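Here is a brief report on one protein model. Look over the sequence and the structure first, then read on.

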Amino acid sequence: MGKFEVMNHPLIQHKLTIIRDKNCGTREFREVVNEIATLLAFEVSRDMPLEDVDVETPEGTAHAKQLSGKKVAVVPILRAGMGMVDGILDLIPAAKVGHIGMYRDEKTFEPHEYFVKLPNDINKRQIFVVDPMLATGGSAIMAIDALVKRGVDESNIKFVCLVAAPEGVKNLRKAHPGLDIFAAALDDHLENGYIVPGLGDAGDRLFGTK
């Protein structure tokens, strides 16, 4: 069974408060989302495996550690997920980036897949699927489905978001019980398909659209 974890690091919580404010402008919103993504990636990568290695320093040999095992891929759910990619790449610059495009029917709130482009070796990588909001869970479920259909084991996927609704967490865990889910906050509830209190439409606030 995968885990659900809220990242309570003080810096994450402080920066999340900044972007919740309805008066936070597009530029600051975009910058702070990237900063939170970097901090989330730091927390989410804590269990990445290490191996022993000897390194020659100017003063002798150091018995040190380096990353081992699977390399990383970052897969944003378009379009809002793009706002988290650069922040993660700042921490893991060698990661490859895939894209999964979803749009939500404004009447039914059902997600529809329109684009999937992934690295050729996606099934050999540790994958961070990123989307600022986990609302109903529909888009996240469809994105994970798209990866699993292409040979990815859900135990190699971590879903990373800024704000989650209880309904979305429940639905995503039911659909993909082996998936680890990480959020900066778990909010109260959904209302008309939006997280309350949330932070509004993350895509519109990232890109200055309505």
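## The second largest pocket

This is a predicted model. Its second largest pocket is lined by Met48, Leu67, Ser68, Gly69, Lys70, Lys71, Val72, Ile92, Ala94, Ala95 and Arg125. The space inside comes to about 180 Å³.

By class, six of the lining residues are nonpolar, two are polar and three are charged. Lys70, Lys71 and Arg125 are lining residues, and Lys and Arg count as charged.

## A hairpin that reaches the pocket lining

Strand β2 covers residues 50-57, and strand β3 covers residues 60-67. The two pair in the antiparallel sense, over eight bridges. Together they form a hairpin, with two residues between the strands.

Which residue of β3 is the bridge partner of Leu50? It is Leu67. Leu67 is also among the residues that line the second largest pocket.

## The annotated binding site

An unreviewed UniProt entry lists Ile195, Gly200, Asp201 and Ala202 under "binding site". Such annotations may be inferred rather than shown by experiment.

Gly200 sits in the loop between β13 (194-196) and α6 (202-207). Asp201 is found in the loop between β13 and α6 too.

Asp201 is partly exposed because its relative accessible area is 30%, and the class runs between the 20% and 50% limits. Leaving out residues up to four places away in sequence, Asp201 touches Arg79 and Tyr194.

Technical notes: Residues numbered from 1 in each chain as written. Predicted model: local features only at pLDDT ≥ 70, side-chain atom pairs only at ≥ 80, totals over all residues. Heavy atoms only, no water. 1 Å grid on protein atoms, 1.4 Å probe; cavity = no way out; pocket = protein on both sides within 12 Å on 5 of 7 lines; lining within 4 Å. Points joined across faces, edges and corners; volume = space filled by probe spheres on them. Pairing = 2+ DSSP bridges. Helix = DSSP H or I, 4+ residues; strand = E, 2+ residues; numbered from the N terminus. Buried < 20%, exposed > 50% of the residue type's maximum accessible area, 1.4 Å probe, protein only. Contact = heavy atoms within 4.5 Å.
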